[in-house]
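Here is a friendly walk through one protein chain. Have a look at the sequence and the fold, and then read on.

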Amino acid sequence: MDNSLEGILFFDSEGKVVEANQTAKMELGYEGELAGKEIYRIFPKNIFWEEGQIKLEDESGKQWENQKTIETVAYRKNQTCFDVQLRTVFFQDGEYYGMCNYVNIASKVGAIKDMVKAKEKVERATKVRNEFVSNVTHELRTPVNGILGISKNLMETELNASQKESVNIIHMCCSNMIEIINNLLDFSKLEAGKFTLEEREFSFREAIDKIIAMNINQVNDKGLKLLLNISPEIPEYIIGDELRITQILTNLINNAVKFTSMGQIVVDVVKTMELNDMVELFFM
């Protein structure tokens, strides 16, 4: 008993402790003997003590089995308490009427509480961050769209070659900024569980041509070639999320340009399946 890490207490029919091991004495703050102390002063009274006698029924009136294990608290001599997993066994005859043995789970309960607090803190921080990102990105749209509109108007005026190139660069930078804003919004939506894919009709080949046009300058700057092969089996118009397809392919082409020092970059698109009104495309 004294070598056990669990606290062990035997009690009589009057609910008084008859014997206890060293672990129980130390954890409960009794330097001397625990013998004679009421068991209901060590554990909550309503667990198994009622009207001056041991309660052999649970809260619903059902007869307790020979053994019952619950999570509760144990009270020290100084009336402080700690969390325990308590097992009670009733003998109802012999020298001992019953036995309580408990395991101190204060550290386990404390760790769970800390984990819950940490989770709540992270959730609050994530919510604040997402709201901040969402608000800032929406605010950024206004000036960027303004610059984008002015650049479009300038492109329709008479410009020399140098001016036209500068306006084209402004237009391209604004378009890229809009894409970055959309990416930030998509990230916030994804974390908030509000991300949805659009379904609308668009010209697939025109969409691919736009992607190539957006990336051709950086390809040429590195002296690379960009080749595009689209299977003729792919329908002219498809229904899907053009923006997300554009974002993904642009990111992949950007990476290809970044990690290719010489040679060529090839984009292949083939149709792998068509069933009723569904088509599956494979990008390489």
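Where in the chain is the place of Gln79? Gln79 sits in the loop between strand E5 (67-75) and strand E6 (81-90).

## Ground rules

This is a predicted model, in which local features need pLDDT of at least 70 and side-chain atom pairs count only at pLDDT 80 or more, while totals for chains, interfaces and linings use all residues. Residues are numbered from 1 along each chain as its sequence is written, and side-chain values use heavy atoms, with hydrogens and water left out.

## The chain as a whole

The protein chain has five helices and twelve strands. Both kinds of element are DSSP runs numbered from the N terminus, helices (H or I) having at least four residues and strands (E) at least two.

Of the 284 residues in the protein chain, 32% are buried. Here buried means under 20% relative accessible area, exposed means over 50%, and partly exposed lies in between (1.4 Å probe, protein chains only). The accessible surface of the protein chain is about 18600 Å², and carbon and sulfur atoms own 53% of that area; the areas come from the Shrake-Rupley method with a 1.4 Å probe, and for residues only the protein chains shown count as cover.

Among contacts in the protein chain with a separation of 6 or more, 56% are between residues 24 or more positions apart. A contact means heavy atoms within 4.5 Å.

Gln79 counts as exposed, at 57% relative accessibility.

Asn276 is placed in the loop between strand E11 (264-275) and strand E12 (278-283), and it is exposed, with a relative accessible area of 72%.

## Helix H4 beside helix H5

How do the axes of H4 (residues 204-221) and H5 (residues 242-258) cross? They come within 10 Å and cross at roughly 25 degrees, which makes H4 roughly parallel to H5. Axes are lines fitted to C-alpha atoms, for helices over the stretch in contact, with angles running from 0 to 180 degrees between N-to-C directions. Angles under 35 degrees count as roughly parallel, over 145 as roughly antiparallel, 65 to 115 as roughly perpendicular and the rest as oblique. The crossing is right-handed, a term used if the near helix is turned clockwise from the far one by less than a right angle.

On the H4 side the contact includes Ala207, Ile208 and Gln218, and on the H5 side it includes Ile245, Leu249 and Asn254. The residues of this contact divide into ten nonpolar, five polar and two charged. Ala, Val, Leu, Ile, Met, Phe, Trp, Tyr, Cys and Pro count as nonpolar, Asp, Glu, Lys and Arg as charged, and the others, Gly among them, as polar.

Within H4, Gln218 is partly exposed, with a relative accessible area of 28%. Not counting residues up to four places away in sequence, Gln218 touches Asn254 and Val257. Gln218 and Asn254 lie 36 residues apart in sequence and 8.5 Å apart in space, C-alpha to C-alpha.

## Lys225 in strand E9

Lys225 belongs to strand E9 (residues 225-230) and is exposed, with a relative accessible area of 54%. Leaving aside neighbours within four places in sequence, Lys225 is in contact with Val219, Gly263, Gln264 and Ile265.
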